[in-house]
Structure formats: structure tokens, C-alpha cells
Amino acid sequence: TQAALAGGLKVIACIGEHLKEREAGRTSEVVLTQLKAIIDVVKADQWKDVVIAYEPVWAIGTGKVATTEQAQEVHAIIREFIEKNVSAEVAAGLRVLYGGSVTAENSNALYSCKDINGFLVGGASLKPDFLKIVSAGKL
């Protein structure tokens, strides 16, 4: 992360838990441990060049999707942790994306969540319905 930022690049840092971790109730612990590692290397003036993407590993390309409530809950935890450990200003301006099996069917509901600022789209970007995802929140 630091090498990319020092080299003038923008960073999309992906964090997320495996299914066993979610089922064991460890989502917050896992995600916040990953986020802490990012916070430890990003300087105060570099946050404008950082995007955090929550990608539950169990939902990537599996067709399993976090509910809107599950996704919002983790995004809120991320933003709250940034507020407490970096600053309220950084937390308010930070872009936090969702990247777990976003589809044309769930994109509007996900985009309506307070703490979800957009998506990191994988395989769905190759389908005609991708335009519906791009238009989420605008229809």
C-alpha cells in the first residue's frame, strides 16, 4: 500500500472475511485487523488516494450475496473504525465500496445504504445488465 501511494498511484484496498469466519461471528475482528494494517501505513495526507473495498471472500464469484443489512453493517463498522483511529474528516470523505457479487438485481438496494459509496464489480461487468449496476441509485 505505502509503496503504491509513494509512487503516486491510487489504492483500492480490499478487505473481507471467509465464510467460516463469518459463521463463527468473527467478521468485525477479521475486517478490522485487515483495516488496522492499512491504517498503520497510510499517512494522513494520503487518505484522499485510498479507497476501501469490503469484499466478503465467501461472496466473490459464488453467487452468494451478503444481505443489504450485512453489507451496510460492515461498511458502518469500517467507517466508524476510521473515524476513531484516523479522523472524522477522513471517515466522512472515505470511499467505501462493496464487492461481493453485485448484480443488477441488488445494486439499487446496496447503493441506497448510508455507508456504501459504490461497487467493485467483477464478473457482472461482462454481462449486459452491467449498465443497471452502473446506474444504481439513478433510476
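This is a predicted model: local features need pLDDT of at least 70, side-chain atom pairs count only at pLDDT 80 or more; totals for chains, interfaces and linings use all residues.
Residues are numbered from 1 along each chain as its sequence is written, and side-chain values use heavy atoms, with hydrogens and water left out.

**The sheet**

- Let's begin with the strands, which, like helices, are DSSP runs numbered from the N terminus (at least two residues of type E for a strand, at least four of type H or I for a helix).
- Four strands make up an open sheet with parallel pairing, in the order E1-E2-E3-E4.
- Its edge strands are E1 and E4 (118-119), each of which pairs on one side only.
- Two strands count as paired if DSSP finds at least two bridges between them.
- Five bridges link E1 (residues 11-15) with E2 (residues 50-54) in the parallel sense.
- On to the next pair: E2 and E3 run parallel and are joined by four bridges.
- Here valine 51 has arginine 95 of E3 as its bridge partner.

**Faces of the strands**

- In a regular strand the side chains alternate between the two faces of the sheet.
- E1 has Val11, Ala13 and Ile15 on a covered face, with Ile12 and Cys14 on an uncovered one.
- To describe cover, we use relative accessible area: buried is under 20%, exposed is over 50%, and partly exposed is in between (1.4 Å probe, protein chains only).
- How many of the five residues of E2 are buried? Five of the five are, so the strand is mostly covered.
- Val50, Ile52 and Tyr54 point one way from E2, whereas Val51 and Ala53 point the other way.

**The nonpolar core**

- A nonpolar core is a set of buried Ala, Val, Leu, Ile, Met, Phe, Trp, Tyr and Cys residues joined through side-chain atoms within 4.5 Å.
- The largest one has 34 residues, and those touching the most other members are Leu35, Trp47, Ile52, Ile78, Ile82, Tyr98 and Phe119.
- Two or more residues each come from E1, helix H3 (27-39), E2, helix H4 (68-85), helix H5 (88-93) and strand E3 (95-98).
- H4 provides the largest share of this core, with five residues.
- Contact means heavy atoms within 4.5 Å.
- Apart from neighbours within four places in sequence, isoleucine 52 is in contact with Ala13, Ile15, Leu35, Ile38, Ile78, Leu94, Arg95, Val96 and Leu97.

**The largest pocket**

- Rolling a probe the size of a water molecule over the atoms shows where empty space is left.
- A pocket is an open set of points on a 1 Å grid over the protein atoms alone, where a 1.4 Å probe fits, with protein on both sides within 12 Å along at least five of seven lines; its lining residues have an atom within 4 Å of a point.
- The largest pocket holds about 330 Å³ of space.
- Its lining has 21 residues, and Ser101, Val102, Thr103, Gly123 and Ala124 lie nearest the centre.
- By type, the lining residues are eight nonpolar, nine polar and four charged.

**Residues in the loops**

- Aspartate 49 belongs to the loop between H3 and E2, and is buried at a relative accessible area of 16%.
- Not counting residues up to four places away in sequence, aspartate 49 touches Leu5, Leu9, Lys10 and Val11.
- Alanine 59 sits in the loop between E2 and H4 and is buried, with a relative accessible area of 0%.
- With residues up to four places away in sequence not counted, alanine 59 touches Lys64, Val65, Tyr98, Gly100 and Ser101.
- Serine 101 is in the loop between E3 and H6; its phi is near 55°, a positive value in a residue other than glycine.
- Is serine 112 buried or exposed? With a relative accessible area of 59%, serine 112 is exposed, and its place is the loop between helix H6 (107-111) and E4.
- The C-alpha atoms of serine 112 and alanine 136 are 8.5 Å apart, although 24 residues separate them along the chain.

Note on methods: Grid points are joined across faces, edges and corners, and a volume is the space filled by probe spheres set on the points. Ala, Val, Leu, Ile, Met, Phe, Trp, Tyr, Cys and Pro count as nonpolar, Asp, Glu, Lys and Arg as charged, and the others, Gly among them, as polar.
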